[in-house]
Amino acid sequence: MNKNSESVPSGKGESLPSRHGGPMPAEPKIVAFFCNWCTYTAADLAGVSRLKYAPNVRVIRVMCSGRVDPQFVLDAFARGADGVLLGGCHPGDCHYAEGNYKTLRRMRMLARMLKDMGIHDGRFRLEWISGAEGDKVKAVVNDMTAKVRALGPLNMPDRFKEWDKEMVHAR
Amino acid sequence: MRYLYFPGCSLKGTGRAYEESLLAVFGALGVELQEIDDWNCCGATAYMSVDETKSYALAGRNLALAEREDLDVIAPCSACYLVLNKTQKGLAEHPELHRKVVKALKAGGLDYKGTVRVRHPLDVLVNDVGLDKIAALIKNPMKGHRFATYYGCQIVRPYATFDDQDDPMTMEKLLKAAGAECVSYPLKTRCCGGSLTGTLPEVGLRLAYILIKEAKKRGAEAIVTVCPLCQFNLDGTQGQIAKKYERVDLPIVYFTQILGLAMGISASELGLTRGIIPAQAVLAGR
Amino acid sequence: MEHPQEKNGRPRIGFYICHCGSNIASMIDVAEVQQYIAALPGVKVSRDYKYMCSDPGQEMIAQDIREHKLERLVVAACSPNLHEETFRKAAVKGGLNAFYFQMVNIREHAAWVHTDRRSATEKTKDLARAAVYRVHFHKALEKRQVPVSPEVLVVGGGIAGIHAALTLANAGKKVTLVEREATIGGHMAMFDKTFPTLDCAACILTPKMSAVKSHPNITLWTYSEVVQVEGYVGNYKVTVKRKPRYIKEDLCVGCMECIDACVFKEPKFSDKFNQGLGKRKPIYIDFPQATPKVVLIDPQTCIQFKTGKCKKTCVESCDREAIDFAQKEEMRELQVGAIVLATGFKTFDAKREPHYGYGRYPGVFTALEIERLVNASGPTAGEVVGRDGKHPRAVGIIHCVGSRDEKTNKWCSRVCCMYSLKLAHLIQEHSGAEVYNFYIDMRAPGKAYEEFYDKLLAEGVHFVRGRVAEVTDWAMTPEEEGRLVLRVEDTLAGFVRRIPVDMVVLSTGLEPQADAQAVRRCFNIGCGSEGFFQERHPKLAPVNTFTDGIFIAGACQAPKDIPDTVAQAGAAAAEALVLIDSGHVELEPNTSYVVEEECSGCKSCVPLCPYTAISFDGEKKKAMINEVLCKGCGVCVAACPSGSIRQNLFDDDEIFSEIEGVMAK
Amino acid sequence: MPDKPKVAFYWCASCGGCEEAVVDLAEDILKVVEAVDIVLWPVAMDFKKTDVEARSDKSIVAAFINGAIRTSEQEEWVRLLRRKSQVVVSFGACANSGGIPALANQFKKEDILKFVYEDAPGIDNPKKTRPQLESQDEGRTLTLPELRAMVRSLDQVIDVDYYLPGCPPTPKIIMAAVGALLSGKLPTRGAVLSPDVALCEECPRKDSKPADLALTEFKRPHQVQIDPEKCLLAQGLICMGPATRGGCEALCPAGNMACTGCFGPTSRVKDQGAKFVSSVFSNIVSKEEKEIDSVLDGIPDPIGTFYRYGLSKCLLRRKLN
């Protein structure tokens with residue numbers, strides 16, 4: 001019989017030791033879904049303008065922020081993302097007329113659910129960034145990276161393993 | 001309507017007439033001014049250039065005292081208004097500075113979150129009280145009186161919070177409501193020479209002379225100001241101006257004094273007898 | 001041609017990473033990434049190369065596809081917005097379907113924005129791995145071909161719109177030119193002369209205006225506005241509002257007898273075309289060469305409209321019976337393949353700089369007002385006089401009003417230095433006054449521009465380098481009495497000067513039109529942060545927008561002078577021609593489709609489609625997507641509660657695998 | 001005549017409803033009993049663990065296991081059954097995705113124990129006694145299974161071959177599954193033995209669903225007089241039908257109750273709650289954050305609503321605390 005069960009889950013909110021265990025915590029990874037017409041273009045513009053920002057974001061291109069299924073957000077967290085960022089066109093500016101409003105509605109609900117599941121609200125962010133706002137890409141990425149770094153690693157894959165240790169044969 | 005009141009040193013000293021007229025006018029308008037308990041020097045001018053952090057802490061203490069009440073602060077003196085606003089803004093924009101200042105404040109049992117709004121009486125009168133309410137209380141309009149409005153350098157620069165930086169018009173609106181006329185006075189935000197009369201008297205005096213001469217030339221019977229330092233300088237240097245240039249004899253009054261007169265408050269209550277240059281012209285017909 | 005996939009079901013993948021000279025290689029260890037990806041399952045070829053987009057680079061890819069029987073292609077290089085098409089073609093050249101390819105953006109999104117080589121390299125590995133995971137799920141697709149409507153809409157009848165419309169019409173295309181004002185001509189029609197040649201603006205513009213009017217291929221709709229744009233490249237449906245001018249346009253010949261006959265004997269109302277410096281009657285025409293030469297009635301000032309009790313002498317005077325008080329606003333629809341937007345600019349509101357006294361001192365004018373003053377057909381017939389009727393002895397021209405200013409507009413408006421020189425010349429010529437130019441820097445980069453500046457210097461116009469602090473009527477000397485004094489620090493002489501003048505000209509800058517945001521929304525294009533329309537690429541696609549089939553020309557894109565505007569209008573017309581003459585457009589195959597046997601008919605998707613591409617089949621009780629209407633946003637795919645809608649290029653499998661790929665270790 | 005195929009039924013963290021469902025087969029149960037040899041069924045027959053242990057591996061043709069995995073004992077049992085069985089059928093919502101018990105994944109184990117043994121109304125336990133894994137009684141050592149820190153679906157503990165969805169599975173799909181099993185006509189391993197189309201397909205209210213829900217508020221069942229004909233979502237009720245696998249013949253909507261999602265998602269969906277949110281909330285009318293929020297306020301317990309039967313299978317598995 002496993003006597004170790006009380007330690008799972010940790011009981012200290014989100015906190016979990018760094019995935020590398022060493023003194024330096026791992027750099028956070030943020031998965032971003034950027035819409036092709038505004039935010040992805042803005043990120044291109046930031047590049048062309050040689051703005052410098054934190055290397056923590058991995059951008060996945062979608063045609064419209066409205067393509068982003070809340071499942072993608074949960075899946076990104078479940079696979080180890082420390083933060084998830086959504087970028088779409090400003091309200092009223094959607095290339096597809098109103099896709100971003102659909103995003104907004106879903107994501108307001110998803111944000112509540114994430115909170116209820118104990119994920120800090122700093123880890124999930126929806127931003128409207130137009131194609132001209134390369135500087136906003138920089139500002140948002142830097143700000144979010146700093147905040148997520150301060151929250152520490154979320155590290156769901158290791159948590160899953162940790163949680164399953166209470167079973168006789170952890171799968 | 002209730003506000004906290006930060007008088008600063010001038011309004012208790014050389015600018016007493018400003019305080020008397022301000023309190024009288026606000027009283028007549030039913031606006032309550034509650035003097036901040038245990039306020040200290042705002043930290044104007046010299047402090048800032050000697051030790052910035054300390055001077056922020058000094059000004060910050062006043063903001064901290066004010067924050068204990070949930071009220072806007074009225075700072076009638078231009079220098080106080082500027083320094084308190086600068087401190088408010090500085091603390092909001094520089095977290096490190098804010099941390100240091102709060103540390104100093106905590107040593108004195110105070111704290112400052114950054115929620116205080118520092119307002120100028122012109123702003124409050126026009127935007128909170130409203131010209132309609134003021135006009136309704138004008139019993140004795142200043143018909144036929146012509147003034148030059150003079151704002152000085154500090155209340156619109158560098159922060160133009162309630163009026164245009166180059167061509168402020170709030171005072172004109174108030175004086176018009178009081179029945180007076182305002183001459184076109186393009187020098188309304190130029191330097192009065194105040195800070196130079198001590199160090200470079202020649203220059204300071206010339207600047208004051210230019211302001212007074214131009215106002216007279218444009219047919220103003222007095223310069224109406226919002227700043228106790230300008231008032232003191234323009235009023236107090238006219239003797240020297242007479243020696244060096246010519247006799248000018250132009251009364252320098254506060255906008256609150258003119259408003260008060262129009263509201264039917266007596267000249268003595270409004271401190272109109274305190275000026276070096278007698279305000280006879282202003283009082284004509286009352 | 002299709003290759004059989006490997007036995008384990010994993011396709012054979014080729015991976016290529018570009019150095020982009022040193023653009024990428026200086027910040028990303030491309031060799032390390034290349035080796036790392038080479039070790040991933042399914043990757044059969046992994047290479048790095050100096051310039052992947054070059055011919056040898058593309059040839060190498062095509063060769064590898066053939067030789068190694070590659071079934072998927074991943075290229076890590078610049079943004080897909082730049083070279084996605086290039087590598088799709090390389091794939092096709094090698095015999096692979098173009099959509100078995102995925103591009104990884106490691107230049108704009110990594111090399112150029114990071115400063116730490118280690119973390120930029122790690123990020124690149126993550127992004128490349130995601131693409132390698134993703135291509136596994138790619139499917140062979142074909143672009144859709146859609147026919148293009150052969151007509152073009154040009155919006156805005158300034159010199160840009162005029163030139164674009166004429167170019168297209170001369171190439172045999174049917175063009176509709178829509179202009180908001182009652183006449184075409186735009187700002188250029190207000191000018192007297194043009195710099196640096198000083199040829200008369202009207203002389204060079206009016207022939208083009210009449211060419212527009214008489215061209216058999218051009219339909220001219222003035223006093224009209226575009227209110228709605230639907231559809232997509234090659235197939236735009238445009239709704240235009242035609243405002244009533246209360247004159248039957250086809251009957252009026254522009255004899256102007258009605259104007260003479262108006263019950264108002266004298267012009268009484270502020271004349272907008274003349275910047276308020278002149279007066280007009282309620283029935284009027286902007287200027288003698290207005291095109292179309294058709295009068296209009298302003299219902300705000302016309303007695304008949306205000307009281308219904310006018311003698312209507314205008315009606316009596318018109319033997320063609322062209323006056324129609326009952327005219328109503330009309331909505332008209334157009335079907336066009338391409339749109340050229342040439343909506344121009346507005347000038348900076350000089351009242352926003354109160355220290356220059358515009359609106360306070362009658363002696364202060366804007367440059368556009370002076371254009372009308374010096375114009376022979378203007379309100380003073382070209383005589384330079386102040387509002388007080390006096391001739392100025394000295395005139396000060398202040399440059400950069402509303403330009404190069406942190407407080408207002410940061411940009412250089414590009415034309416003000418040159419038009420200030422022109423106005424200086426004309427004022428001096430017309431009035432003999434002393435003219436002062438107050439400038440920050442003289443900007444005269446253009447053919448014969450610097451020479452024009454030299455000419456002005458030789459003509460004795462004064463140049464003071466310094467930003468004017470204020471314009472004031474505060475006189476300090478008898479010479480200044482009753483005049484306007486410009487206080488300025490002369491930064492070449494090194495002291496503050498007071499220069500008395502009688503007339504001040506504010507060289508106001510160029511701004512986006514007040515309704516630029518609404519217009520860009522209507523046409524679904526972007527604006528830069530300053531509000532001018534955003535071109536697709538600042539250098540390589542200056543007249544294209546991010547919406548295919550919509551092109552921009554002239555000052556709506558950024559301030560520019562007439563030669564540049566005309567050149568850009570020609571370019572926009574050429575781009576529109578390319579589109580139309582190709583006869584069809586190719587659309588990305590990223591459409592969505594419903595898997596019929598999986599659909600429960602819940603209708604959740606139906607209202608979400610902005611293009612009404614989704615319908616509900618009442619017989620089958622299933623949703624259906626019309627592929628022709630679908631634009632591929634994917635909103636319905638995300639919203640299908642049972643996962644029964646798929647999207648080509650962005651299917652769930654593809655995106656989930658990308659997530660897995662970026663996060664895998 | 002060869003032996004009849006051996007079949008086992010077992011229950012874990014469940015309410016007993018799944019057992020009831022088997023009984024609900026009515027006379028059909030007799031056909032089952034006729035056709036198979038039941039070697040384990042704790043609710044109805046007296047077999048011991050040792051009986052099962054004594055059987056050779058893979059000697060049981062099929063084990064039907066209901067209930068979520070919450071204790072060490074359940075874990076032990078299902079591993080044993082996995083070893084002894086050729087096919088394991090996860091039976092019902094709790095086994096499939098955690099079911100109602102998995103809502104406990106929103107709470108810490110300690111908080112649950114404290115509530116149950118100390119704070120719950122009606123508890124009289126001044127010594128705060130808690131069940132112990134081991135205790136002594138007259139010289140004998142008594143043991144109790146351990147409560148795990150979280151609730152798991154069956155397939156989070158052992159490999160599962162087939163799933164029968166529902167809370168509980170309906171007699172119809174049970175019989176279909178048994179039939180398939182006995183005839184050897186089983187679908188691909190891992191399949192859910194119910195149609196892979198969402199519930200709306202078979203809902204009697206389907207035709208009354210408007211194309212555009214244009215949602216402006218959500219109501220809870222007690223706040224509204226439910227129209228028995230009209231689509232429930234169109235009445236502002238949260239009906240999980242569009243995001244829930246069909247097969248139940250829309251029992252709840254037919255009974256004037258909104259679907260709560262017990263059949264789980266279709267095979268194309270990884271996370272039923274997230275997918276439902278993605279769908280229904282896109283159809284809120286408002287474009288303003290504040291207005292949207294006030295519409296969302298109509299759903300006071302999102303997790304309990306969207307993951308009523310499936311929190312174990314939420315991609316995040318449990319609340320972090």
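The model is predicted: local features need pLDDT of at least 70, side-chain atom pairs count only at pLDDT 80 or more, and totals for chains, interfaces and linings use all residues. Residues are numbered from 1 along each chain as its sequence is written, with chains lettered from A and ligands numbered from 1 in the order in which they are written.

Chain B, then. Helix α2(B) covers residues 16-28, 13 residues in total. Helices here are DSSP runs of H or I, at least four residues; strands are runs of E, at least two; both are numbered from the N terminus. From first C-alpha to last, α2(B) reaches 18 Å, close to the expected 18 Å. That expectation is 1.5 Å times one less than the number of residues.

Buried means 20 or more other C-beta atoms within 10 Å of a residue's own; exposed means 12 or fewer; partly exposed is in between; C-beta atoms are placed from the backbone. In α2(B), 10 of the 13 residues are buried, so the helix is largely enclosed by the rest of the structure. Among them are Y18(B), E19(B), E20(B) and F26(B). The cover includes α1, β2, α7, α11, β8 and α13 of chain B. After the helix comes G30(B), with a positive phi near 75°.

Now chain D. It has 11 helices and 9 strands. Its radius of gyration, 22 Å, is close to the 20 Å that the globule rule gives for 321 residues, so chain D is as compact as a globular protein of that length. The radius is taken over C-alpha atoms; the rule is 2.2 Å times the number of residues to the power 0.38. The C-alpha trace of chain D spans about 65 × 60 × 30 Å along its principal axes. Of its 321 residues, 45% count as buried.

Conventions. Two residues are in contact if their C-beta atoms, placed from the backbone, lie within 7 Å.
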